[in-house]
Amino acid sequence: MIEWSESTIRSFRKTLLDWYDAHGRHLPWRRDHDPYHVWVSEIMLQQTQVNTVIPYYEHFMAEFPTVTDLANAPEAKLMKAWEGLGYYSRARNLQKAAKQIVNERGGQWPQTAEGLQELAGIGPYTAGAIASIAFNEPVPAVDGNAFRVFARLLEIDLDIAKPQTRPVFERVIGRIMSPDRPGDFNQAVMDLGASYMSAKNPDSAHSPVKAFNQAYLDGVEMQYPVKSKKPKPVKVAYYGLVIRHDDQFLMQKRPSDGLLANFWTFPLIAEDDVLAMSETPELVTEEERLSLLEKLVQQEFGLTVRVIPMGGKPVKHTFTHRQWLITLLSAEVKPDADLSFFPGKWLSSDELTRMALPKVQEKLLTRVHQIQ
DNA sequence: AAATCGTGGTG
DNA sequence: TCACCAAGATT
C-alpha cells in the first residue's frame, strides 16, 4: 500500500512535473497564460475533446481577439462561431461573463477561484483551472481527468457522479498538488489523464507515475473511477414539415430556453401530440395521422396545410438525453398565410446557411436537398 | 440531487 | 448498433 507521506508527495510532484516539462502537449491556448485565452479554451473544452476544440479556438480568437471584442459582438456572429460545438448556453454565458468583466468590473478579472465563480458559466472546475493557470493560485482543477487519475492513484471508490464527491477530491488533490506550480500541475494531470491514464486504453505500464498508481499495482485500474450510469436517451418521434415557397422555407424558432434554445428548425410536431387528438390513439391509421396532424397545425398555428409523405426513413439525431426520430412531410401553405400564431417566418436557404444551425437541422436540410 | 444541455470519437 | 466518454455548469 502506497503511503502518501510528505516525501512521497514531493516525489510525485517532481515526477509529474518533469514529465510534463518534457512531454506536455503544445496546444494553441498554452502559448501564454492570458486569462482570456485560458478562459475561452476551458469553456470550449467542457465535455468536448481537444481535437474538436482546436479549430474552433483558433477561429474564435481571430474573430474575438479580446474580452472587449467578445462583449461587444453581435449574438448571431457569436453563435456562428460556436456552431456545431454543442451545449450552446456555454457561448451565451461566455458573452454574459465578458460583459460582466467589461461593464461591471472595468475590464478587471477576478483573480481567485472564488471570485471567478461569480462569472456566468464558470463553475468549480473552470474557476480552478483559470485561477491556477492564469493567476498562479494553488487550487485544484477537478475535471474528469483529475477524478480518474486520482481515483486510480489512491483507489478512491467514491461515485464521481455524485456532487458530494467533488469536495473530497478537491481536498485530496489540494494536499498533493504543487504549491509553486499549480497551473502546470493541473495541466499535467489532464495530459496524464488523456494519455497513460485514459479512460478506455490506459498504458500504466509505461506511465511516468506508475509507481504511485495503487489501482494499477493491484491490477484493478479499470475498476476506477467508480461512476454511476446515466439512463439512455428517451426516443421522441416528430413530424418535420418541409414548407417551401420559391426559394424559401417556413421555419420555426425554438423557445428561448430548453434544448436548442433560440435555434431555427423545420417546424416540428410531436407524434404524441398528434395521437393525443384521437380518442383511440392505438387504432389510428397512417392516413388518419396525417389528417390529425393537419388539424393540429390548424388549431395550434392557425395554418391551413396539406401534408404529403416524403418517403425515406426518419432522420435520427441523438442528444445526451433524447433521441429524435423525425419523419419529414412535405406541406403546402399559402405564401400570404397569416403567421401571427406561428413562432417563425420564411427564410431563404441563403439566409439559413448564414445563420448558426444545430446539427439536427443540418441533417434535415441535407435530406431535403437530396429529395428535391 | 438528479435532470438538463450537443456533438463527435471509440472500442 | 451500442455504451460510454470528452478540460462541466446550471437549476
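A residue counts as buried when its relative accessible area is under 20%. In this predicted model, Thr165 has a relative accessibility of 5% and therefore counts as buried. Thr165 belongs to helix H10, which covers residues 165-176. Leaving aside residues up to four places away in sequence, Thr165 touches Phe147, Leu158, Asp159 and Ile160.

Val53, Tyr57, Phe60 and Met61 are the buried residues to look for in H3. The partners against which the buried residues of H3 pack are H2, helix H4 (67-72), helix H5 (75-82) and helix H6 (89-104). Three of these partners, H2, H5 and H6, return below in the description of helix pairs.

Two packed helices are described by the angle between their axes and the distance between the axes. For helix H2 (residues 35-45) and helix H8 (residues 124-135), the axes come within 9 Å and cross at roughly 150°. Angles over 145 degrees count as roughly antiparallel, and H2 and H8 are therefore roughly antiparallel to each other. Their crossing is right-handed. On the H2 side, the contact involves Pro35, Val38, Trp39, Glu42 and Ile43. These residues meet Tyr125, Thr126, Ala129, Ile130, Ile133, Ala134 and Phe135 of H8. Sorted by class, the contact of H2 with H8 has 10 nonpolar residues, 1 polar residue and 1 charged residue.

The pair formed by H5 and H6 packs at an angle of about 135°, with the axes 10 Å apart. That angle makes H5 oblique to H6. The crossing of H5 and H6 is right-handed. H5 contributes Glu75, Leu78, Met79 and Trp82 to the contact, while H6 contributes Arg90, Ala91, Arg92, Leu94 and Gln95. By class, the contact of H5 with H6 has 5 nonpolar, 1 polar and 3 charged residues.

Phi of Asn136 is near 60°, a positive value in a residue other than glycine. With a relative accessibility of 48%, Asn136 counts as partly exposed, because the exposed class begins over 50%.

A positive phi is also found at Asp246, where the angle is near 55° in a residue other than glycine. Asp246 sits in the loop between S1 and strand S2 (248-253). At 64% relative accessibility, Asp246 counts as exposed.

The loop between helix H12 (214-217) and strand S1 (234-245) is where Pro225 is found. Here the feature concerns the peptide bond: Tyr224 and Pro225 are joined by a cis peptide bond, with omega about -5°.

Definitions and conventions
Residues are numbered from 1 along each chain as its sequence is written. Chains are lettered from A and ligands numbered from 1 in the order in which they are written. This is a predicted model: local features need pLDDT of at least 70, side-chain atom pairs count only at pLDDT 80 or more; totals for chains, interfaces and linings use all residues. Side-chain values use heavy atoms; hydrogens and water are left out. Axes are lines fitted to C-alpha atoms, for helices over the stretch in contact, and angles run from 0 to 180 degrees between N-to-C directions. Helices (H or I, at least four residues) and strands (E, at least two) are DSSP runs, numbered from the N terminus. Angles under 35 degrees count as roughly parallel, over 145 as roughly antiparallel, 65 to 115 as roughly perpendicular and the rest as oblique. A crossing is left-handed if the near helix is turned anticlockwise from the far one by less than a right angle, and right-handed if clockwise. Contact means heavy atoms within 4.5 Å. Ala, Val, Leu, Ile, Met, Phe, Trp, Tyr, Cys and Pro count as nonpolar, Asp, Glu, Lys and Arg as charged, and the others, Gly among them, as polar. Buried means under 20% relative accessible area, exposed over 50%, partly exposed in between (1.4 Å probe, protein chains only).
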